[in-house]
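Student: I have a model open and want to go through its contacts. Can we take it piece by piece?

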Amino acid sequence: MSDANSPVTSSYITTTESTLGGEIKRMLESDEMLIGDGPSYELAKSCFLYHPLGRKMAEGPVALAQSQKRRITVGDAPPEVAKQFETEWKRLRADKHIANVARLSRIYGISTLIIGVGENEDADKALDPAVLADKDVWFSALDPLNTAGSFRSRSQR
């Protein structure tokens, strides 16, 4: 018989599907979750989607960092340069892309930001930064699985 002051020598958690969602139960009982090991792609995605704090932990710090307006200055350039920078920043929706890359990185531990130009440009050729101002530039954020698929499909050409 143990009293309130004796140390606990063992413990366990019993759950049922009706009191705890199936995905969370699977995560808690998973052999994949070991101290010091990184989670698998599937487990990381499940934590983000189904854990009560998953979305908040992935998106909260990014939203907080982006919640304040930045003050843009460009050395000795006239104010119109900074204004044009902000206009282009908004047109490209740069804040959205940065937030998406940061969110994916917080979920999976890594993410990739790709840049492309136009619709009919050759994706296998390196971009020339000198002509980007004249091109229709776009960005996309990829998680590790889509990054691996992109590299694999390129290597099979």
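Predicted model: local features only at pLDDT ≥ 70, side-chain atom pairs only at ≥ 80, totals over all residues.

Student: Which strand is Trp138 found in?

Tutor: Trp138 is in strand E2, residues 137-142.

Student: And what is Trp138 in contact with, leaving aside neighbours within four places in sequence?

Tutor: Trp138 is in contact with Ile114, Ile115, Gly116, Val117 and Gly118, with neighbours within four places in sequence left aside.

Student: Changing topic. Which residues make up the largest nonpolar core?

Tutor: That core has 8 residues in all: Ala44, Phe48, Ala58, Val101, Leu104, Ile107, Tyr108 and Ala141. Helix H2 (41-50) and helix H5 (94-108) are the elements that give two or more residues to this core. H5 gives the most, with 4 residues.

Student: Which residues of H2 are buried?

Tutor: Leu43, Ala44, Ser46, Cys47 and Phe48 are the buried residues of H2. Their cover includes helix H1 (22-29), helix H3 (54-65) and H5.

Student: What does Phe48 contact, neighbours within four places aside?

Tutor: Phe48 is in contact with Gly54, Arg55, Ala58, Glu59, Arg103 and Ile107, again leaving aside neighbours within four places in sequence.

Student: How many aromatic pairs does the structure hold?

Tutor: The structure holds 2 aromatic pairs. In one of them, the ring centres of Tyr41 and Tyr108 are 4.7 Å apart and the planes are at 5°, so the pair is stacked. The pair links distant parts of the chain, with Tyr41 in helix H2 and Tyr108 in helix H5, 67 residues apart.

Student: Tyr108, then: buried or exposed?

Tutor: Tyr108 is buried, at a relative accessible area of 18%. Tyr41 counts as partly exposed, at 27% relative accessibility.

Student: What about Phe85 and Trp89, how is that pair arranged?

Tutor: Phe85 and Trp89 form a tilted pair, 5.5 Å centre to centre with 35° between the planes. Both lie in helix H4 (residues 79-92), 4 residues apart, which is about one turn of the helix. Phe85 is partly exposed at 38% relative accessibility, and Trp89 is partly exposed at 25%.

Student: On to charges. How many salt bridges are there?

Tutor: There are 4 salt bridges. One of them joins the side chains of Glu59 and Arg103, at 3.9 Å, N to O. Glu59 is in helix H3 and Arg103 in helix H5, so this pair ties together parts that are 44 residues apart in sequence.

Student: Where do Asp95 and Arg70 lie?

Tutor: The side chains of Asp95 and Arg70 meet in a salt bridge of 2.5 Å, N to O. Asp95 is in helix H5 and Arg70 in the loop between H3 and H4, 25 residues apart.

Student: And Glu88 with Arg91, how many residues apart are they?

Tutor: Glu88 and Arg91 are 3 residues apart in helix H4, separated by about one helical turn. Salt bridges that share partners also join Arg55, Glu59 and Arg103 into one network.

Student: Last one. What does the side chain of Thr147 make a polar contact with?

Tutor: The side chain of Thr147 makes a polar contact with the side chain of Thr112, at 2.8 Å. Thr147 lies in helix H6 (residues 144-155) and is buried, with a relative accessible area of 10%.

Note on methods. Residues numbered from 1 in each chain as written. Heavy atoms only, no water. Contact = heavy atoms within 4.5 Å. Core = buried A, V, L, I, M, F, W, Y, C linked by side-chain atoms within 4.5 Å. Buried < 20%, exposed > 50% of the residue type's maximum accessible area, 1.4 Å probe, protein only. Phe/Tyr/Trp six-rings, centres within 6.5 Å; stacked < 30°, edge-to-face > 60°. Polar contact = N/O pair within 3.5 Å; in protein donor to acceptor, adjacent residues only side chain to side chain.
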